[in-house]
Amino acid sequence: MSAKSYLHIVAAVLTAQDGRILASTRPKGRSMSNRWEFPGGKVESGEGRWTALVRELQEELDLTPTRGRPLIRLKHDYPDGPSVDLDVWRVWDWQGVPRAREGQVFDWFEGDALTELNFLAANTPIVAAARLPDRYLITPDWGDASLIPDGVEAAARGGVGLIQLRGAWLKTGAAESWVSEAVSRARALGTKVVVNGDVDLARAWGADGVHLSARAASVLEQRPMPRPALVGVSCHSAEELRQAEALGADFATLGHVRTTPSHPHQPPLGEATFFALAEDARIPVYAIGGMGTDDIPCLQSRSIQGVAAIRGLWPERDKV
Ligand SMILES: Nc1nc2c([nH]c(=O)n2[C@@H]2O[C@H](COP(=O)(O)OP(=O)(O)OP(=O)(O)O)[C@@H](O)[C@H]2O)c(=O)[nH]1
């Protein structure tokens with residue numbers, strides 16, 4: 001049996017300095033016209049990925065991208081259409097002012113607003129990747145929750161775009177005030193906050209979403225919070241990634257990649273297994289377990305979203 005062939009497509013998540021993202025409708029006369037997509041198209045035979053992206057953006061929008069990096073790569077099989085290998089790049093610098101050259105409509109959208117557009121079916125995980133940052137901090141599980149709001153704010157100031165509140169302190173009486181303080185300070189800096197494990201708490205406390213264990217995800221048939229809320233799942237295997245995808249999760253953490261003090265007795269996945277699983281995933285993946293900001297360039301060069309960490313991202317490491 002021959003392997004299925006996939007059309008290699010490059011597309012750009014053009015991101016302006018204010019964080020808004022360009023989306024466009026497919027031009028009239030094309031398949032699935034008037035659904036939303038990210039600008040791009042087929043890579044021609046013998047053409048490089050970046051060269052193809054530059055050509056497509058010039059043809060469609062009269063723009064020349066000058067700085068970008070891989071964001072997410074995933075395969076999708078349209079039941080009545082092509083099988084596509086979508087190679088999506090974040091582009092944050094370009095020459096020119098966008099102009100619709102193919103009769104398409106385009107506009108700039110806040111990340112959350114992207115979830116309301118009628119995108120092509122393959123694009124749900126691409127929209128998730130476009131909305132998500134490269135650094136995902138998980139708060140340390142210690143007794144003194146009073147340090148959480150300051151730590152969250154310092155991390156957000158340092159460029160961490162997503163934070164998971166986690167720990168036994170979440171179940172204590174004072175938790176609500178620490179959480180609402182942390183959420184409002186993070187939000188003022190454009191950083192989102194999700195709560196570990198408890199959907200009711202996440203809703204009640206006005207958090208931006210929830211992060212579930214693989215076990216909690218395994219008993220759900222659909223996502224427990226509608227978009228634009230974020231739903232993340234902790235995964236350790238291909239099976240758990242498939243469950244997170246089936247659930248409609250926005251992202252997964254996958255690990256642990258290396259041995260860490262949090263899991264001293266469990267063997268790590270190792271980098272080769274991590275990359276094999278992450279590159280096969282159809283949702284954005286954060287590498288977790290002994291990871292830090294130094295690992296981000298290597299992960300991104302392979303279209304992986306970024307790193308999730310406690311020690312590697314908490315602002316004052318000596319206090320972890
Ligand atoms: N440019 C772009 N294509 C996408 C996205 N998502 C997605 O599934 N695709 C699929 O990737 C293919 C894009 O190739 P293309 O844009 O060169 O295709 P085309 O206009 O020539 O389409 P056609 O073959 O129907 O004439 C289409 O099958 C399209 O449905 C996206 O965000 N951007």
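Tutor: Helix α4 (residues 148-157) packs with helix α5 (residues 175-188) at an angle of about 15°, and their axes are 9 Å apart. Helices here are DSSP runs of H or I with at least four residues, and strands are runs of E with at least two, numbered from the N terminus. Axes are lines fitted to C-alpha atoms, for helices over the stretch in contact, and angles run from 0 to 180 degrees between N-to-C directions. The angle therefore makes α4 roughly parallel to α5 (under 35 degrees counts as roughly parallel, over 145 as roughly antiparallel, 65 to 115 as roughly perpendicular and the rest as oblique). From α4, the contact is made by Ile148, Pro149, Val152, Glu153 and Ala156, and from α5 by Trp178, Glu181, Ala182, Arg185 and Ala186; residues are in contact if their C-beta atoms, placed from the backbone, lie within 7 Å. By class, this contact has 7 nonpolar, no polar and 3 charged residues (Ala, Val, Leu, Ile, Met, Phe, Trp, Tyr, Cys and Pro count as nonpolar, Asp, Glu, Lys and Arg as charged, and the others, Gly among them, as polar).

The model is predicted: local features need pLDDT of at least 70, side-chain atom pairs count only at pLDDT 80 or more, and totals for chains, interfaces and linings use all residues. Residues are numbered from 1 along each chain as its sequence is written.

Elsewhere, helix α3 (residues 124-131) lies across β1, β5 and β6, running at about 140° to β5. An open sheet of 4 strands has the order β4-β1-β6-β5, with mixed pairing (strands pair if DSSP finds at least two bridges between them).

Terms used
Two residues are in contact if their C-beta atoms, placed from the backbone, lie within 7 Å.
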